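Please consult the sequence and the coordinates shown here.

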Amino acid sequence: MKFFILVALVGVGWLLDVREADAHARWKGGSAVSPPRDLSSGLKAPPCGGAPKTANPKIYRPGQTLAVEFEETINHPGYFEIRVLGENDTPLAGVVSPLVTINDTQNTPIANGMNHQYKANITLPNIQCEKCALQLIQVMTENPDFPSRYYSCSDIRISEDANVEAKSGNKPPKPMNLRIQRSP
């Protein structure tokens, strides 16, 4: 009888275990560069976990290099891939994919909301794309014959627009070696 009560208590505790993040990996919430479409769980459905596009994509220039941030919320061996998707969250023809592959190097247990934090530099393709997305894929390799994947997307626009720098927060470099000349 005590065994059944213990099993019931463990089961109830498991059901009540509420966590801030239920996905295994995702774009980091609060990131100014790569904010996630959605922080909720259920991000196993490709290409973006079933999360719809947002109304305000981040705007970047073709060929721009970005320092993106993501986090692993449940530890698994494997690696991460970062890709650029087109308007309908589909691969872009002629664009190298993935942009980067990052090994999962942090293998300490995750506890008390202390997720594994990752940063990566990526260079966007030299294209223009009004409704693109950065896609993060966590490839879990516990079973190499059938790896599991989790997905997270961040909406972006790649454009040559003159106002891109102001909208994206990137400022042009400050002029240097200026000489002040006085007029007569």
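Q: Are Asp155 and Arg37 buried or exposed in this predicted model?
A: This is a predicted model, in which local features need pLDDT of at least 70, side-chain atom pairs count only at pLDDT 80 or more, and totals for chains, interfaces and linings use all residues. Residues are numbered from 1 along each chain as its sequence is written, and side-chain values use heavy atoms, with hydrogens and water left out. The classes rest on relative accessible area with a 1.4 Å probe and protein chains only: buried is under 20%, exposed over 50%, and partly exposed in between. Asp155 and Arg37 are both buried.

Q: How far apart are the closest N and O atoms of Asp155 and Arg37?
A: A salt bridge requires a side-chain nitrogen of Lys or Arg within 4 Å of a carboxyl oxygen of Asp or Glu. Asp155 and Arg37 form such a pair, with their closest N and O atoms separated by 2.7 Å.

Q: Which residues are linked with Arg37 in a network of salt bridges?
A: Arg37 also pairs with Asp89, at 2.8 Å between the closest N and O atoms. The network joins Arg37 to Lys53, Asp89 and Asp155.

Q: Why does Asp161, the salt-bridge partner of Arg157, count as partly exposed?
A: The closest N and O atoms of Arg157 and Asp161 lie 2.1 Å apart. Arg157 counts as buried because its relative accessibility is 14%. Asp161 counts as partly exposed because its relative accessibility is 36%.
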